[in-house]
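Biologist: I am new to this structure. Could you take me through its side-chain contacts?

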Amino acid sequence: MELLAPAGNFDKLKTAVHFGADAVYFAGKKLGLRAFAGNFSEEEIFEAIKYLHERGKKGYITLNIVANDSDFEGIDEYLQVLVDAKVDGIIVSDIGLISYIRTKFPTINIHVSTQANVNNSMTAKVYADMGCTRLVLARELSLAQINEIYRAVGDRCEIETFVHGAMCISYSGRCLLSNYLTGRDSNRGACVQACRWKYFIREENREDEMEIQEDERGTYILNSKDLCLIDHLSELDKAGIESLKIEGRMKSDYYVASVVNAYRRALDGKEDLNILRDELEKTSHRRYTTGFYFGEKDKEYLEDSMPVQTAVFIAKVVEDEKDGFVKVEMRNRFKVGDILEILSADDTFLKTIKIEKIIDSKGEQIDDAKRVQEVVTINSPYHLKAGDILRVNKNN
């Protein structure tokens with residue numbers, strides 16, 4: 001199965017590749033559903049696809065907004081850029097846009113977005129008949145339902161589903177809450193994630209409000225748990241799923257590294273699943289759920305608290321280790337004597353380094369690294385590579 005990772009900018013794309021993604025999805029500056037991610041200029045799209053192809057990876061571009069007539073202005077020029085860049089596929093939700101692209105640009109691989117709500121075999125067949133090459137199925141389907149769709153169109157369309165990350169409380173992400181409360185339309189890439197806010201309840205005939213108490217941090221009655229299917233990859237494979245999609249184009253570099261690394265190792269059988277479950281606790285998340293995949297037995301997906309994580313991102317390696325020292329870009333404060341854990345794609349994973357020496361960007365030895373994003377040199381007994389990450393476990 002393909003491991004498909006998110007990238008909000010070029011650094012995150014490189015991180016996804018470094019930690020083992022087979023493909024990356026990202027947006028240009030137009031028509032994507034994450035308007036506030038860094039996203040990619042047209043020049044960066046060319047550069048990114050070249051970077052991916054040189055490493056045997058694939059790149060998919062999102063054009064998944066709910067389109068208005070005005071969005072078709074200049075669309076031919078933009079689509080020609082994507083053709084010329086040799087993108088491996090575009091992710092589209094609007095059926096009119098799909099029809100238009102298929103007619104005007106027949107060589108582009110079209111992936112039908114989860115926003116299109118492909119819930120049944122009949123709908124899947126319609127998209128297959130239109131020449132779409134992949135279906136990103138609705139998140140509300142069980143494995144049994146996914147298998148039905150696979151059996152109906154699997155000879156013509158690849159099947160992709162989300163396996164990890166934040167879920168929208170609205171059906172397949174079609175939400176009006178953000179637009180209603182703030183004027184920022186989630187269906188056009190500007191969601192403020194209003195479902196994550198803290199809410200109050202008021203009785204109809206009273207002016208005062210009463211908070212619904214759930215825990216010491218408040219109540220989040222519209223807030224979904226995060227999806228996690230790392231324990232069920234063989235079942236996904238048997239159901240006919242060919243691409244495993246990680247949510248998170250707005251998430252951090254560290255999130256991309258941690259999650260991609262865990263799923264890569266699970267797919268390759270490189271690590272005990274207990275270790276990988278623990279790994280997924282180390283990056284920011286809400287409590288995990290398997291969503292709708294197993295039907296009625298796991299419908300308790302509402303979350304009542306803020307995100308948590310058990311480790312802190314300390315530094316990112318910017319040059320390969322040499323002669324027992326390595327250059328890192330500092331992200332959070334650390335000092336001589338601290339024990340840092342390694343997040344890597346090779347056998348240095350989970351090994352630790354005791355910091356004995358720190359040399360700052362001026363070449364001076366210091367005891368305390370506290371200037372965010374300063375590049376410093378530290379001791380390392382292991383061969384770390386550019387792109388590896390150092391962190392501190394909160395429980396230590």
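Biologist: In which helix do D268 and R264 both lie?

Modeller: This is a predicted model, where local features need pLDDT of at least 70, side-chain atom pairs count only at pLDDT 80 or more, and totals for chains, interfaces and linings use all residues. Residues are numbered from 1 along each chain as its sequence is written, and side-chain values use heavy atoms, with hydrogens and water left out. Helices (H or I, at least four residues) and strands (E, at least two) are DSSP runs numbered from the N terminus. D268 and R264 are four residues apart, about one turn of the helix, and both lie in helix α9 (residues 253–268).

Biologist: What is the N to O distance in the salt bridge of D268 and R264?

Modeller: A salt bridge is a side-chain nitrogen of Lys or Arg within 4 Å of a carboxyl oxygen of Asp or Glu. The side chains of D268 and R264 meet in one, with N to O at 3.2 Å.

Biologist: Is R264 buried or exposed?

Modeller: Buried means under 20% relative accessible area, exposed over 50%, and partly exposed in between (1.4 Å probe, protein chains only). D268 has 39% and is partly exposed. R264 has a relative accessibility of 15%, so R264 counts as buried.

Biologist: How many residues apart in sequence are the parts that E2 and R134 tie together?

Modeller: The side chains of E2 and R134 form a salt bridge of 2.8 Å, N to O. E2 lies in strand β1 (residues 2–6) and R134 in strand β6 (residues 134–136), so the parts they tie together are apart in sequence by 132 residues.

Biologist: Which residue does R134 meet in a salt bridge of 2.7 Å?

Modeller: R134 is buried, at 3% relative accessibility. Its partner is also part of a network of salt bridges that includes E2 and K245. At 2.7 Å, N to O, the side chain of R134 meets that of E160.

Biologist: Is the aromatic pair of F26 and F40 stacked or tilted?

Modeller: Rings of Phe, Tyr and Trp (its six-membered ring) pair if their centres lie within 6.5 Å; planes under 30 degrees apart count as stacked, over 60 as edge-to-face and the rest as tilted. The structure holds five aromatic pairs. F26 and F40 have 4.4 Å centre to centre and 40 degrees between the planes, and their pair is tilted.

Biologist: Over the ring of which residue does the charged end of R55 sit?

Modeller: A charge sits over a ring if NZ of Lys or CZ of Arg is within 6 Å of the ring centre and within 35 degrees of the ring normal. The charged end of R55 is 3.6 Å from the centre of the ring of Y51.
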